[in-house]
Amino acid sequence: MPFDSMPNEYWDKSDWCQSCKRPIGPGEPVEHLRFENHFEHRLEDLNGVYHAGCARPFLSIKRALDMLGWRPM
């Protein structure tokens, strides 16, 4: 396993992907996703750091909402 050789302090300092719940290693491509408060949908629960591949579906949703002009009231 690639994570077996990592020191314990790595686990304490590491960011964790909001989607797959795995640690984000140093040098891995990441996306910082930020949803505003979109009414009753509570999309701000999805805010956080994601692996670049894990973030792709959420970035599509965000782009669509931004194009529709959804803004918090």
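Core first. I find that the largest nonpolar core has 11 residues: Cys17, Ile24, Leu33, Phe35, Leu43, Val49, Tyr50, Cys54, Ala55, Phe58 and Leu65. Two elements, β4 and α2 (52-68), each give two or more residues to this core, and α2 supplies the largest share, four residues. The term covers buried Ala, Val, Leu, Ile, Met, Phe, Trp, Tyr and Cys residues joined through side-chain atoms within 4.5 Å. Buried here means under 20% relative accessible area, with exposed over 50% and partly exposed in between (1.4 Å probe, protein chains only).

Note on provenance: this is a predicted model, so I keep in mind that local features need pLDDT of at least 70 and side-chain atom pairs count only at pLDDT 80 or more, while totals for chains, interfaces and linings use all residues. Residues are numbered from 1 along each chain as its sequence is written, and side-chain values use heavy atoms, leaving out hydrogens and water.

Overall layout. I count two helices and four strands, in the order α-β-β-β-β-α along the sequence. These are DSSP runs numbered from the N terminus (helices H or I, at least four residues; strands E, at least two). Buried residues make up 25% of the 73 residues.

Rings next. How many aromatic pairs does the rule give? The count comes to one. The ring centres of Tyr50 and Phe58 are 5.2 Å apart and the planes are at 40°, so I log the pair as tilted. For the rule itself, rings of Phe, Tyr and Trp (its six-membered ring) pair if their centres lie within 6.5 Å; planes under 30 degrees apart are stacked, over 60 edge-to-face, the rest tilted. Tyr50 is buried, at a relative accessible area of 1%.

I also checked Phe35. The charged end of Lys62 sits over the Phe35 ring, 5.8 Å from its centre; the test wants NZ of Lys or CZ of Arg within 6 Å of the ring centre and within 35 degrees of the ring normal. Beyond four places in sequence, Phe35 touches several residues, among them Leu43, Phe58, Ile61 and Leu65, where contact means heavy atoms within 4.5 Å.

Last, His51. Is His51 buried or exposed? I get 11% relative accessibility, so His51 counts as buried. His51 lies in β4 (residues 48-51), and its contacts outside four places in sequence include Cys17, Cys20, Arg22 and Glu28.
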